[in-house]
Amino acid sequence: MFTFDRSTVLLLGALILLAILAATFIQITTAAPDPAVVGKWSKVKSWPVKSVHTSLLPDGKVIMWPSNAGDNPYIWNPKNDEIRRTDKAGYNLFCAGLSTMGDGKLFVAGGHIVTPKGLKAASIFDPVTKDWTRIPDMNAGRWYPTVTQLANGDMLVTSGNTETGVVNPIPQVYDIQSNSWRTLTGANLAVSLYPWMYDLGGGRVFMAGSRGASRFLDISGKGSWSSPIEMKSGSRGSGTSVMYEYGKVLNIGGRTASGAPSTNTAETINLNSASPSWKYAASMKEPRQHANATLLPNGTVLVTGGSKGLKQGEFDDETSPVFLTEWWNPNSNTWKSLAPSNGVYRGYHSIALLLPDGRILVAGGEKTANSYEIYSPPYLFQGTRPEITSAPDKVGYGKSFDVKTTQKNKIAYFRMIRLGSVTHSFNQGQRYEELRFKKVKDKKGTITKFKVDIPSDRGHMPPGYYMLFAVNNKNVPSEAKIIKVGGVEVTLPTTAKMQSEALEPIPAYNSKEDPIHDHAAHGNFE
Ligand SMILES: [Cu+2]
């Protein structure tokens with residue numbers, strides 16, 4: 001009769017155990033990724049428009065318009081997924097700068113004649129009436145300008161190419177009281193196209209990039225630029241940037257020299273320090289250019305899309321796309337890899353935009369068919385979300401306001417994020433502010449509501465519409481309540497005022513021979 005000795009039995013036992021372990025391991029590694037860890041992407045859906053310029057409006061809807069024939073704006077309602085045409089501006093809005101104003105109107109500066117030449121026109125879109133109002137022309141054309149809302153509600157416009165295709169070196173401030181432009185002739189400098197501008201209040205604005213050195217812009221009087229503050233990377237053309245809390249900026253990816261492949265490096269600067277300087281932050285897993293960076297209500301910076309830019313001489317390289325999603329935690333200075341998108345290339349002319357429900361709209365891409373997809377971050381799968389049950393529609397500076405929520409014992413933060421306005425990998429509107437608050441308790445010690453403070457320093461929160469999120473102790477945010485901060489009302493220019501302005505007629509757009517992908521034409525952007 002066949003028998004096993006003791007050592008054979010032990011060996012067989014060990015082998016069986018190993019086989020079980022291996023099977024379990026394979027099962028774990030092939031299981032569907034847990035959305036509570038990596039988030040989840042919706043399916044890709046088609047749209048009638050390529051959302052190249054995209055802004056959140058105070059009613060929670062999203063306005064967008066395409067490249068080429070840019071005077072084709074649409075409004076999408078994230079709540080019921082309806083998309084509809086809205087009124088036209090009367091000229092080509094492609095390549096303009098955009099940001100919402102203190103009362104929620106959308107300010108749009110510049111536009112497209114032909115690559116790389118810009119219009120001097122500017123307009124204000126009223127999201128209630130859907131009317132576009134043309135305001136006085138700027139000093140010269142602006143193709144790829146940045147619009148930055150200032151602490152007093154005025155609108156700064158920086159850079160952009162003129163009608164002849166050279167950089168307009170003079171920033172201008174639109175005065176919302178007098179409906180006129182203040183021209184900062186003392187700040188004469190050709191800077192990057194779509195520069196990464198952040199208002200700090202008190203007349204101080206910071207330009208974080210993209211190409212070459214960063215600088216402060218003093219907008220008082222005739223204006224002036226500070227001496228340069230060199231980035232660690234030297235330059236980040238086609239990269240992206242966010243101010244992730246007041247005075248703290250993160251620059252991400254891009255190319256450190258013209259024609260170079262993308263970098264995965266990132267760097268930060270603290271403008272609250274006496275002599276700010278750039279320091280490398282942790283690097284992303286993937287190198288990227290034409291990516292998008294979005295401030296999220298859990299305090300992280302989400303990075304989506306882009307290209308590794310490996311194909312020599314290609315401005316918008318769809319052959320080396322990046323689908324991995326990553327977010328950066330400023331407290332730990334670490335990047336975490338999240339679920340990859342659906343495999344649709346989102347490069348040049350793509351966008352990402354935070355929606356009031358905490359999801360992120362990802363869309364566009366010049367080399368991509370018109371479509372969108374929505375990313376739901378891990379915080380949407382980590383248990384019941386808190387809910388804001390009561391909050392005011394508007395709040396003033398230096399005031400506190402009452403907020404009621406569910407999960408009162410678990411509320412750990414109140415955070416506000418300004419409505420985003422994004423194009424060309426830079427969000428000209430988003431701002432992040434963590435608010436101080438107190439718990440209000442009844443006699444039994446039960447929390448009844450919260451008193452939340454709006455800072456008195458307008459530089460921290462330029463006036464306008466913000467998403468208010470109540471966030472619990474697991475860093476899970478509520479859906480936002482959209483609230484107006486500051487009492488700014490924008491009065492549109494009168495007919496008499498506009499008749500006195502000699503507005504230049506705008507030539508009709510001719511799509512023939514418009515070299516949208518011309519590498520050389522993108523000069524100070526690429
Ligand atoms: Cu473009």
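Predicted model: local features only at pLDDT ≥ 70, side-chain atom pairs only at ≥ 80, totals over all residues.
**Salt bridges**

I started with Lys367, which forms a salt bridge with Glu314, closest N and O atoms 3.2 Å apart (a Lys or Arg side-chain nitrogen within 4 Å of an Asp or Glu carboxyl oxygen). Lys367 sits in the loop between strand E30 (360–364) and strand E31 (371–376), Glu314 in the loop between strand E26 (301–304) and E27, so the pair ties together parts 53 residues apart in sequence. Strands here are DSSP E runs of at least two residues, numbered from the N terminus.

Residues are numbered from 1 along each chain as its sequence is written, and side-chain values use heavy atoms, with hydrogens and water left out.

Buried or exposed? I looked up Glu314 and got buried, at a relative accessible area of 17%. Lys367 counts as partly exposed at 33%. My cut-offs: buried is under 20% relative accessible area, exposed over 50%, partly exposed in between (1.4 Å probe, protein chains only).

Next I checked Asp357, which bridges to Arg359 with the closest N and O atoms 2.8 Å apart. Asp357 is buried at 18% relative accessibility, and Arg359 is partly exposed at 22%. Shared partners join Glu314, Glu318 and Lys367 into one salt-bridge network.

I searched the whole structure too and got 20 salt bridges. One of them is Glu267 with Arg236, closest N and O atoms 2.8 Å apart. That pair links distant parts of the chain, 31 residues apart: Glu267 is in strand E23 (residues 266–270), Arg236 in the loop between strand E20 (224–225) and strand E21 (240–245). Both Glu267 and Arg236 are buried.

**Copper site**

Which residues hold the copper ion? I found Tyr144 (OH), Tyr348 (OH), His349 (NE2) and His424 (NE2), at 1.9 to 2.3 Å. Donors are N, O and S atoms within 2.8 Å of the metal (3.2 Å for Na, K and Ca); water isn't among the atoms, so sites may look incomplete. The donor spacing in sequence reads Y-x203-Y-H-x74-H. Tyr348 is buried at 1% relative accessibility, and His349 is buried at 2%.

**Sheet**

Last, I traced an open four-strand sheet, E25-E26-E27-E28, with antiparallel pairing (strands pair if DSSP finds at least two bridges between them). Its edge strands, E25 (292–295) and E28 (334–338), each pair on one side only. E27 (residues 325–329) and E28 pair over five bridges, with Glu326 partnered by Ser337 in E28.
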